[in-house]
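Reader: I am new to this structure. Please take me through it and tell me what the terms rest on.

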Amino acid sequence: MHILNNWNFWLSLITAVTAILAIVLSIKQISLSNKHHLFERRLKAYMIVSELVGLYEENRMLIEGKRKDEPQFAIDHEFIWLTNNTYMEAQSEAIVHPLEQPYHKEFLKKREELRSLATEIRLIFKKPINDSYGKFVECYEKTLFRMYQYQIIIDKMMKENEKKPMTPEELQKFFPEKEHRTRMYDAMEELKVSYQALVDQKADEKITKYIRL
């Protein structure tokens with residue numbers, strides 16, 4: 001009875017309970033905040049990668065089409081089609097002005113962004129779609145890079161041809177065009193395989209489910 005009438009005891013008890021409730025509420029708030037932050041990261045990453053997938057789908061018949069064993073003088077157009085959205089559009093200038101500033105620097109920055117995006121996707125989504133989407137973004141970046149490298153060779157060939165007109169076969173003796181073309185084709189094939197993996201896994205359905213959760 002003495003304890004029940006002890007106001008100091010009750011005040012201490014109430015203070016302790018209040019403190020515990022405050023801690024519990026704080027933990028719940030932190031948990032909700034973390035979930036919201038994760039949702040925002042997932043949504044942002046999904047919006048970017050879904051646009052890249054969409055660009056590939058729009059142009060896949062061209063990218064995957066059978067090519068002749070000859071220089072690809074229109075590769076800059078294909079590069080532009082693969083960068084034809086708001087996230088990538090500034091990179092179209094890079095293929096028109098290869099190695100020139102500020103286009104070259106901006107292209108390098110965008111490549112770094114894509115590699116970072118691939119890493120983030122692997123961290124914030126679950127297996128196996130995180131690896132599939134991460135691989136697709138990596139292949140996309142690599143394909144653009146190989147196209148860019150190839151365009152540099154094509155530009156050199158065209159400039160040399162302006163000085164002294166030559167056949168494509170003659171120009172190939174002076175420039176490693178075929179070597180760079182093979183690397184570019186390999187990158188395109190890897191991109192094709194990574195895209196097909198997304199289709200086979202019905203990855204879009206699964207990734208949107210993770211975002212809602």
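**Terms and values**

Author: Start with K202, which counts as exposed because its relative accessibility is 54%. This is a predicted model, where local features need pLDDT of at least 70, side-chain atom pairs count only at pLDDT 80 or more, and totals for chains, interfaces and linings use all residues. Residues are numbered from 1 along each chain as its sequence is written, and side-chain values use heavy atoms, with hydrogens and water left out.

Reader: What makes 54% count as exposed for K202?

Author: The cut-offs decide: buried means under 20% relative accessible area, exposed over 50%, and partly exposed in between, with a 1.4 Å probe and protein chains only. K202 has 54%, so K202 is exposed.

Reader: Where is K202 found, and what is its phi?

Author: K202 lies in the loop between α7 and α8. Its phi is positive, about 50 degrees, although K202 is not a glycine. Most residues other than glycine have a negative phi. L99, also not a glycine, has a positive phi of about 70 degrees. L99 sits in the loop between α3 and α4.

Reader: Which peptide bond involving P102 is cis?

Author: The bond that joins Q101 and P102, with omega about 5 degrees. P102 has its place in the loop between α3 and α4. K127 and P128 are also joined by a cis peptide bond, with omega about 0 degrees. P128 is in the loop between α4 and α5. Most peptide bonds are trans.

Reader: How many helices and strands does the chain have?

Author: Eight helices and zero strands. Helices (H or I, at least four residues) and strands (E, at least two) are DSSP runs, numbered from the N terminus.

Reader: What makes a set of residues a nonpolar core?

Author: Its members are buried Ala, Val, Leu, Ile, Met, Phe, Trp, Tyr and Cys residues joined through side-chain atoms within 4.5 Å. The largest such core here has 49 residues, and those that touch the most other members are I121, F125, Y133, F136, Y140, L144 and M147. At least two residues each come from several helices, including α1 (7–63) and α5 (129–163). The largest share, 14 residues, is from α5. In soluble globular proteins, nonpolar side chains tend to be buried together.

Reader: Which residues is Y140 in contact with, beyond its neighbours within four places in sequence?

Author: Y140 is in contact with L52, L55, Y56, L82 and L191.

Reader: What makes F39, L43 and M47 a patch?

Author: Patch residues have over 30% relative accessible area and no salt bridge; like charges are joined within 9 Å, and nonpolar side chains (Val, Leu, Ile, Met, Phe, Trp, Tyr) within 5 Å. A salt bridge is a side-chain nitrogen of Lys or Arg within 4 Å of a carboxyl oxygen of Asp or Glu. F39, L43 and M47 form a nonpolar patch on the surface, with about 240 Å² of accessible area together. Such areas come from the Shrake-Rupley method with a 1.4 Å probe; for residues, only the protein chains shown count as cover.

Technical notes. Contact means heavy atoms within 4.5 Å.
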